[in-house]
2 protein chains.
Amino acid sequence: MFEAPYLLFLGDAPDALAAKMAQGIYDWRPEAVAGQFRMEECGDDLGIKDLSIKEAVEAGAKTLVIGVVNRGGVISDNWKSILVEALEAGMDIASGLHTLLCDQPELVEAAEKNGRTLHDVRIPTVKYPIANGKKRSGKRCLAVGTDCSVGKMYTTLAMDREMKKQGRKSTFRATGQTGILIEGNGVPLDAVIADFMAGSIEYITPENDADHWDFIEGQGSLFHASYSGVTMALIHGGQPDALILCHEPTRETMRGLPDYTLPSLEELREMVLPIAKVVNPECKAVACSINTQHMSEDEALTYLAGVEKQMGIPAVDPFRQGAERLVEALG
Amino acid sequence: MFEAPYLLFLGDAPDALAAKMAQGIYDWRPEAVAGQFRMEECGDDLGIKDLSIKEAVEAGAKTLVIGVVNRGGVISDNWKSILVEALEAGMDIASGLHTLLCDQPELVEAAEKNGRTLHDVRIPTVKYPIANGKKRSGKRCLAVGTDCSVGKMYTTLAMDREMKKQGRKSTFRATGQTGILIEGNGVPLDAVIADFMAGSIEYITPENDADHWDFIEGQGSLFHASYSGVTMALIHGGQPDALILCHEPTRETMRGLPDYTLPSLEELREMVLPIAKVVNPECKAVACSINTQHMSEDEALTYLAGVEKQMGIPAVDPFRQGAERLVEALG
């Protein structure tokens, strides 16, 4: 979709939170990052090389990636001259902001004049097919959650990295804007038209070597009234061989749905397996990935041991413990 | 969305199959139909009054509804002068064809000049909200199927008609283009963007009187790999109190998916109930609606009796037997 190496644009980010997209990209794909661009007012620092637009191009950077989120997701006027400079210097631009690059006349004009491309990763650019449900070669692992935002992306990224570290074949398949910015391609599933959702997942997880694993980024939750249809399409389009059940044990209500409590991991497993078996009778829930960030080390380890006993499969916090045991659970 | 009475445009339909949309509208909303318009070459006849454009307007017709499907779903050139005449005479036009009215320059121009509206019912026109999952007053009944095209629309239309016949409060809620053309409004769910699917269903089934029933047209199937996400959004957006399980017993493989066989009604019930209970713990599967068109009367009655015994709930073919027992099953 768009080319590395990247120049990570931190702009005038007041703090690390505002630039957490840039941090995520650097954490997961340091090899794709040429350096950072910070405006004078910038209050964050990834601790990597500061590059001017000119220096970035000289260092081989192909794409300026906007790694900062403004209030309201807008593209502020004081960024624009820098972005135009980048286009003129020969870089493309990629953004996951709500406000689109392609709606900014100055940027569109500069891109056209210089033969550059503006990548708005929230907008699907492919004409996806309708899913055909046909069995594909290769293996697929999907993260499903008891709720939204419980660590599904982190889990699949960590498993993909661990697989590669072990010298095994794998690919992370992004389905949301942060994942797409990290990987450089993927499908912004929440923006796909209903009839083509499952087809878009088939499209990004095509036939592959028998020993190759796709790690598919999850979205939503089967238990989340707003987005469960998206999750369903991921399961039926992804044809997973292995499911990782993701959970955040301290959360009291579903994200954005104050009237709903979270299901248990057992309830998730009971609901998701028959659904997954429609497209892949061999599908198994192989492990639990637990986000224990709001627990002490002791609490976390006790909790994980309890889940492991109760569910009869490994329970791991990949942030705390690494993803080795999750990968091992794939067999 | 668009106004009755309708002039049903049969155009140059060679036979009844080509004009089955018009037949469906007339079958379900005869009171909304002022008459039919047939070109000289037309080989079909709904058996209702033939009206010229002028006569239709004099008879009060507000919308010309395209009730014929061409090969490829196109709007043929020899229709256009008639459609322009209708716009000039003061009618709006509604169409469910793949080719859009709003992509025909002659029609757009005539509509603008005469202050008329072109309704392409395949295109969502509302900015739907994200679903909030809040409990709404009123009752809702949703048809879910073991496959696509097993009689879900027919079932909900028949139940709505029966409710009205009994003097009870009810509304048919269309979610596909045929249903929308019949009802005059609804959501073309398969064309809605993923994030807003469930929200669009909440939008069309708002709070209502405690004794009012919405009959929500189903789409797809939880077991259909291409469209299951759409079905999921219908269940979680629709918050059904009652489910009607729909099935076509002679079909051997899932529609469009030759590698998949149909699930049983038990499998459907087992999968759908826990899903529906996420948003409405009181939800029940109250009856089965069986499409027995490919069976003899004897075969059908024997089959229905068997299903009724096995499932422990009424099993009815509403086309053969009427919808009384389905409505009765709602309580």
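**Sheet and interface of chain B**

In chain B, strand β1 (residues 6-11) pairs with β2(B) in the parallel sense, over five bridges. Within this pairing, B:Tyr6 has B:Val33 of β2(B) as its bridge partner. The model is a predicted one.

The two strands belong to an open sheet of five strands in chain B. The strand order is β2-β1-β3-β4-β5, and the pairing is parallel. The edges are formed by β2 (33-38) and β5 (118-120) of chain B, each of which pairs on one side only. From one strand to the next, the twist averages 20°. Helix α1 (residues 20-28) of chain B lies across β1, β2 and β3 (63-66) of chain B. This helix runs at about 155° to β1(B).

Chain B also meets chain A. Contact involves 35 residues of chain B and 35 residues of chain A. The area buried between the two chains is about 2,700 Å². Carbon and sulfur atoms give 62% of that area. On the chain B side, B:Asp195, B:Tyr260 and B:Val278 lose the most area to chain A. Together they account for 18% of what that side buries.

The interface has zero salt bridges. In contrast, 10 residue pairs are in polar contact across it, counting pairs with both residues at pLDDT 80 or more. Elements α7 (197-204), α8 (228-238) and α9 (265-279) of chain B each give two or more residues to the side that touches chain A. The largest share, six residues, comes from α8(B). By class, this side of chain B has 23 nonpolar, eight polar and four charged residues.

Conventions:
Residues are numbered from 1 along each chain as its sequence is written. Chains are lettered from A and ligands numbered from 1 in the order in which they are written. This is a predicted model: local features need pLDDT of at least 70, side-chain atom pairs count only at pLDDT 80 or more; totals for chains, interfaces and linings use all residues. Side-chain values use heavy atoms; hydrogens and water are left out. Two strands pair if DSSP finds at least two bridges between them. Helices (H or I, at least four residues) and strands (E, at least two) are DSSP runs, numbered from the N terminus. Axes are lines fitted to C-alpha atoms, for helices over the stretch in contact, and angles run from 0 to 180 degrees between N-to-C directions. Contact means heavy atoms within 4.5 Å. Buried area is the accessible area (1.4 Å probe) that two parts lose on being put together, summed over both. A salt bridge is a side-chain nitrogen of Lys or Arg within 4 Å of a carboxyl oxygen of Asp or Glu. A polar contact is a pair of N or O atoms within 3.5 Å; within protein, one must be able to donate a hydrogen and the other to accept it, and residues adjacent in sequence count only if both atoms are side-chain atoms. Ala, Val, Leu, Ile, Met, Phe, Trp, Tyr, Cys and Pro count as nonpolar, Asp, Glu, Lys and Arg as charged, and the others, Gly among them, as polar.
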